[in-house]
Amino acid sequence: MNEHPIQNLMTETMEKIKKMVDVNTIIGTPITTPDGTTVIPVSKVTFGFGSGGSDFVSRNAKDASPVCFGGGGGAGVTVTPVCFLIINSTGANILPINAQAVTSVDRLIEMLPTAVNKVSAFVENRKGAKEGAAEASAPVADGSEG
């Protein structure tokens, strides 16, 4: 069975969209500064796609057998920068491009790396304090009391 012309129209439009948008559009190429900080741009990609068509009989046809097809398709893509992911010796941070996040979820996502870094530092400090306390309360090896 032959393919309908609308299939070719949709396939061609989707191929063009694939060429425009890839993973490097969303998560950009990392940039490393001389001090070792890595900056990764992050973008939001939105796209819309539509196509349509109709079969019809030509006005000039002598009988109803030659059916013609008329159709069209289109797509639009918007790439919006969202933030920069900054990774350095102190941890990872998100530097948002918008002055204020739109929703509470956006704010939570922006704060997540900072919160993880603070919790990790707290756990490390607690672990270090417990080890220091254990060493201070251990008996001295020379037989004298601490």
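**Figure 1. Pairing of strand 2 with strand 3 in the predicted model.** Thr38 has Ile87 of strand 3 as its bridge partner. The coordinates belong to a predicted model. Strand 2 spans residues 38–57, and its pairing with strand 3 is antiparallel, extending over 20 bridges. Strand 3 itself covers residues 67–88.

Figure 2. Thr80 is a residue of strand 3. When residues up to four places away in sequence are not counted, Thr80 touches Ser43 and Lys44. Thr80 and Lys44 are 36 residues apart along the chain, yet their C-alpha atoms are separated by 5.1 Å.

**Figure 3. The hairpin of strand 3 and strand 4.** Strand 4 comprises residues 91–96 and pairs with strand 3 in the antiparallel sense, over 6 bridges. The two strands form a hairpin, with 2 residues between them. Asn88 has Gly91 of strand 4 as its bridge partner. A further pair in this view is Cys83 and Pro96, the latter in strand 4, which stand opposite one another.

**Figure 4. The salt bridge between Glu124 and Lys127.** Side chains of opposite charge can pair when their charged atoms come close. Here the side chains of Glu124 and Lys127 form a salt bridge, with an N to O distance of 3.9 Å; this pair meets the criterion because the cut-off is 4 Å. A search of the whole structure finds 1 salt bridge.

**Figure 5. A nonpolar patch on the surface.** Which residues form the nonpolar patch? The patch consists of Met10, Met14, Phe47 and Phe49, which together have about 340 Å² of accessible area. At least two residues of the patch come from helix 1 (5–20), and at least two from strand 2. Met14 is located in helix 1.

**Figure 6. Overview of the chain, as context for the close-up views.** The chain contains 3 helices and 4 strands. Read from the N terminus, the order of the elements is α-α-β-β-β-β-α. Of the 146 residues of the chain, 10% count as buried. The accessible surface of the chain amounts to about 11200 Å², and carbon and sulfur atoms contribute 60% of this area. Among the contacts in the chain with a separation of 6 or more, 48% are between residues 24 or more positions apart.

Definitions and conventions:
Residues numbered from 1 in each chain as written. Predicted model: local features only at pLDDT ≥ 70, side-chain atom pairs only at ≥ 80, totals over all residues. Heavy atoms only, no water. Buried < 20%, exposed > 50% of the residue type's maximum accessible area, 1.4 Å probe, protein only. Contact = heavy atoms within 4.5 Å. Areas by Shrake-Rupley, 256 points an atom, 1.4 Å probe, with all protein chains shown as cover. Pairing = 2+ DSSP bridges. Patch = residues over 30% accessible without salt bridge, like charges linked within 9 Å, V, L, I, M, F, W, Y side chains within 5 Å.
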